Amino acid sequence: MHFSAAQSLGRSSAKARENRPVVPVLKISDITYRTFPVSSMTLQSSECANFHPKNPFQMPPAKRTKGACSFCGKEMTRAGMLKHLDSCKKRALQNKERNATSKPSMNLIQLMAYYPYTSEFWLYLEVKSAATLKDLDFYLRQIWLECCGHLSQFCHGSYYGNKIPMSSKAYKIFEPDTELFYAYDFGSTTELKVKMVGSRNGTPLSNNPVYLLARNNMPDVPCDKCGKPSGWLDLEALYENGEFVTLCDAHNAGKAESDYGESQLFNSPRTGTCSYDGPAVPPY
Ligand SMILES: [Zn+2]
Ligand SMILES: [Zn+2]
Ligand SMILES: [Zn+2]
């Protein structure tokens, strides 16, 4: 059941959404928050908007998910992948081949983006140093987050840190070990961290500002009722008790017609939040 921490409105059919009780809205300064029956959800005043300090449905850490190297397919844990990317022969060969072309060489920044409250969700990205945080924001939205075009924000360090304009170029923001806080949606927030873990000079592997080096595999989550592989989140348990209960096909039967609707599990830390319904695939 340790898929991810989810905190709010889950995905559902249009019919189920109509029947769902209306969630009250609390207006604080210029940011609109949905209110939840969770006493621990206090708001912090900070320079970086009033983000929720921590997801109240925080789950205990799950077993570490492995992910696949984009170059050779080798599967490693998050920490192992960082070492692997440095020594991957196929990656080195591809970099060498690109460097031998007439295309321009530049500084490339290696980042790790991850969900900080459980260990399942992580990405290794190579970003052109002239790429902007907006480019990175776009990538994170597409692969993990986008549901209804919510606002997002990068800050230094934590939600207490200063906001960083989206127009900032990567080379002006990232130094070795720089770690940024990122929030998508200031109501039902998904928080991420983005850390610089390396750099190189060379020809980029594509014309896009961001290149996916590695990504965690879909977490392997058993059904909480029977232990078989699950593919669904129990929205009733989430709404009523704040519990992240995962279900197999059999135990999810009939949920689509219930007041709460049904929600698939996705390879994304936003599963179960707002109207997120995937597809959790990279944009390029
Ligand atoms: Zn590899
Ligand atoms: Zn949304
Ligand atoms: Zn089951």
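Two strands pair if DSSP finds at least two bridges between them. The model I looked at is predicted.

I began with strand β12 (residues 232-233). β12 pairs with β13 in the antiparallel sense over two bridges. I found Leu233 opposite Thr246 in β13. I then looked up the whole sheet. It is open, has three strands, and runs in the order β13-β12-β14 with antiparallel pairing. β13 (246-247) and β14 (263-264) stand at the edges with a single partner strand each, so one side of each has no neighbour in the sheet.

**Entry: strand β5**
Is β5 (residues 106-114) mostly covered or mostly open? I noted that seven of its nine residues are buried, so I wrote "mostly covered", taking buried to mean 20 or more other C-beta atoms within 10 Å. Next I looked for its partners. β5 pairs with β10 (residues 190-202) in the antiparallel sense, over nine bridges. Asn107 stands opposite Asn201 in β10. β5 also runs antiparallel to β6, and seven bridges join the two. There, Tyr114 stands opposite Trp122 in β6.

**Entry: helix α2**
Which residues of α2 (residues 78-87) are buried? I listed Arg78, Met81, His84 and Leu85. They cover an arc of only 105° around the axis, which puts them on the same side of α2. The face turned away from that buried side carries the exposed residues Ala79, Lys83 and Ser87. I also checked what covers the buried residues of α2. The cover includes β3 (67-69), β4 (75-76), α3 (89-99), β6 (122-128) and β11 (210-216).

Definitions and conventions. Residues numbered from 1 in each chain as written. Chains lettered and ligands numbered in written order. Predicted model: local features only at pLDDT ≥ 70, side-chain atom pairs only at ≥ 80, totals over all residues. Buried ≥ 20, exposed ≤ 12 C-beta atoms within 10 Å, placed from the backbone. Helix = DSSP H or I, 4+ residues; strand = E, 2+ residues; numbered from the N terminus. Arc of directions from axis to C-beta. Contact = placed C-beta atoms within 7 Å.
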